[in-house]
Every structure is written in C-alpha cells, then in structure tokens.
Amino acid sequence: MPLRPPPRHIFHLELGAKGEMLSRKPGLCMELECACARERLVVDVLCFLHHPEDKLRRRQEPSLLCTLCSGSYLHVEKTTRWSQNSVKAASELPPQSRHCCLTVLPSCRSCKIKLARASKSTLSIEFMLGVQMDDSDSFLNLE
C-alpha cells in the first residue's frame, strides 16, 4: 500500500556520501513542510513550522510526526498501527454491509485484514506499506 506524506509533511531518504543511499537499509525521514504560502490562501490553515505549538493546538489537528515517527524517522510499527486504525475506522462508517464483516488482524509490519461473508467464506488480505521513490515506479518497502 503506497504511503503518501500527510498534508504539510514530506518524506525523504537518508542518504550516504555524495548523494548515494546507505549500504544498510536507508532510514525514511518525515519532516514538516513550510505552508506559509498556503496559509495566506486558506485562512484556517497554519504553518506547522512557523507558528507556536499552543496556537497550532487550539486551531488544528496536530502534526503526525509524533504519531508515525521516532525522532524524525518513520517508525514501521507506529505507521502500521496508524494504518490499521485508519482501516478499522473506515470499515465502521456507513454504509455497513450486513453480508460482510471486516476484521483487522494483529501485525507489527503490515496491515492484515480478513473479510468474512455470511456464507462463511473468508478472504485474507495483507497490505505491505511502502513509499514511492521520487516519480519512479519503485517503492521502498517499510519492513
């Protein structure tokens, strides 16, 4: 499942010397992006980088940095838990099917779901989380 950075955030890979990726599994950083230009256009949006935290807390949802990251690095287990909670919350929204039941299964590194029909047939699906590399067709798997 491709992940995109939340609004006003960016992803970037930890790079080695001369712009080459590290030999070990690269770290994926998530950082705040300046939204001052957007703030001038959309009155109810504040820039996470350039406003005090107390003002941000009063006016809008907090940044997802604490929810998804350890430090500035995207944390696989935290991101997986957030994805699982999002899938579960979406499955509870109307319209709810009387013919199918969705269950989010426990997993630390992927989002696993089970769909069960009233006819007793089941389907299990596992979503691997990944981030698209630039504008290519390549993805960095979060595992």
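Modeller: Happy to. Leaving aside its neighbours within four places in sequence, Gln84 is in contact with Val104, Leu105, Pro106, Ser107, Ser110 and Cys111, where contact means heavy atoms within 4.5 Å. Before going on, please keep in mind that this is a predicted model, in which local features need pLDDT of at least 70, side-chain atom pairs count only at pLDDT 80 or more, and totals for chains, interfaces and linings use all residues. Residues are numbered from 1 along each chain as its sequence is written, and side-chain values use heavy atoms, with hydrogens and water left out.

Gln84 belongs to helix α4; helices (H or I, at least four residues) and strands (E, at least two) are DSSP runs, numbered from the N terminus. Gln84 counts as buried because its relative accessibility is 11%; buried means under 20% relative accessible area, exposed over 50%, and partly exposed in between (1.4 Å probe, protein chains only). Arg81 is also placed in α4, which covers residues 76-91, and its 49% relative accessibility makes it partly exposed. The C-alpha atom of Arg81 is separated by 8.6 Å from that of Arg109, although the two residues are 28 apart along the chain.

Arg109 brings us to a charged pair. Its side chain meets that of Glu77 in a salt bridge, 3.1 Å from N to O; a salt bridge here is a side-chain nitrogen of Lys or Arg within 4 Å of a carboxyl oxygen of Asp or Glu. The pair links distant parts of the chain, with Arg109 in the loop between β6 and β7 and Glu77 in helix α4, 32 residues apart. By this rule the count comes to one salt bridge. As a general point, side chains of opposite charge can pair when their charged atoms come close. Arg109 is partly exposed, since its relative accessible area is 37%, and Glu77, at 23%, is partly exposed too.

Now to the strands. An open sheet of three strands runs in the order β6-β7-β8, with antiparallel pairing; two strands pair if DSSP finds at least two bridges between them. Strands β6 (100-105) and β8 stand at the edges with a single partner strand each, so one side of each has no neighbour in the sheet. From one strand to the next, the twist averages 20°, using lines fitted to C-alpha atoms as axes (for helices over the stretch in contact) and angles that run from 0 to 180 degrees between N-to-C directions.

Strands β7 (residues 110-117) and β8 (residues 122-128) are joined by seven antiparallel bridges. Two residues that touch Gln84, Ser110 and Cys111, have bridge partners in β8: for Ser110 it is Met128, and for Cys111 it is Phe127. Lys120 lies in the loop between β7 and β8 and counts as exposed because its relative accessible area is 73%.

The structure holds zero disulfides, a disulfide being a pair of cysteine sulfur atoms within 2.5 Å. For Cys69, the nearest cysteine sulfur, that of Cys29, is 8.3 Å away. Cys69 is buried, given its 4% relative accessibility, whereas Cys34 is partly exposed at 43%.
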